[in-house]
Amino acid sequence: MASVVISGDTSGTVTLSAPAVAGSNTISLPAQTGDALVDIARSLTTNGYVKLSNGLVIQWGKTASIGTGGSAAVTFPIAFPTNCAVVVSGLEVASGANSFGVSSGVPTTTGVTLYSNGAVAGPHPWIAIGY
């Protein structure tokens, strides 16, 4: 039985080789840059982040409980290199609680302030995306 050999080199070229039936027995596939997203740094913790190879940074976390009408300053686990494009936050409460409001201030590259505007207090889980 014939075998197929897959090899690569430092340029990123992948080569498939098999015993020839007719003609050439080697196929070379050139590397494609920018097609694959690879995490180049990460911290998979409660307040963590992932930096992707295309420059996108995704961060997440959770504040301590914020009382009614209160706020909490969030410092991102790492600074965004250029811009924090969006922050989304919620309120973590017991099931059935439906009288709450959550808002955020304008994010910077290093953090954001989250506000509790409703009648229910609790921790605010958040996610921030930037580059």
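Colleague: Which residues form a nonpolar patch on the surface here, and how much accessible area do they have together?

Modeller: Please keep in mind from the start that this is a predicted model. The patch consists of L56, V86, V88, I127 and I129, and together these residues have about 340 Å² of accessible area. Two strands, β8 (84-89) and β11, each supply at least two residues of the patch.

Colleague: Where does I127 lie, and what does I127 touch besides its neighbours up to four places away in sequence?

Modeller: I127 is found in strand β11, which covers residues 125-130. Leaving out those sequence neighbours, I127 touches I58, Q59, W60, V86, V87 and V88.

Colleague: How should I read a sheet, and in what order do the three strands of the open sheet come?

Modeller: In general, strands of a sheet pair through backbone hydrogen bonds, and the pairing is either parallel or antiparallel. In this model, three strands form an open sheet in the order β7-β10-β9, with antiparallel pairing. Because β7 (71-75) and β9 (102-104) stand at the edges and have a single partner strand each, one side of each is left without a neighbour in the sheet. On average, and ignoring direction, neighbouring strands of this sheet are turned by 25° against each other.

Colleague: How many bridges join β7 and β10, and which residue is the bridge partner of A72?

Modeller: Five bridges join β7 to strand β10 (residues 111-116) in the antiparallel sense, and A72 has L114 in β10 as its bridge partner.

Colleague: How many salt bridges does the structure hold, and which side chains meet there?

Modeller: Side chains of opposite charge can pair when their charged atoms come close. The structure holds one salt bridge, in which the side chains of E92 and K62 meet at 3.1 Å, N to O. This pair links distant parts of the chain, since E92 is in the loop between β8 and β9 while K62 is in strand β6 (residues 57-62), 30 residues apart. E92 is partly exposed, with a relative accessible area of 38%, and K62 is partly exposed too, at 35%.

Conventions: Residues numbered from 1 in each chain as written. Predicted model: local features only at pLDDT ≥ 70, side-chain atom pairs only at ≥ 80, totals over all residues. Heavy atoms only, no water. Contact = heavy atoms within 4.5 Å. Pairing = 2+ DSSP bridges. Axes fitted to C-alpha atoms, helices over the stretch in contact; angles between N-to-C directions. Patch = residues over 30% accessible without salt bridge, like charges linked within 9 Å, V, L, I, M, F, W, Y side chains within 5 Å. Areas by Shrake-Rupley, 256 points an atom, 1.4 Å probe, with all protein chains shown as cover. Salt bridge = Lys/Arg side-chain N within 4 Å of Asp/Glu carboxyl O. Buried < 20%, exposed > 50% of the residue type's maximum accessible area, 1.4 Å probe, protein only.
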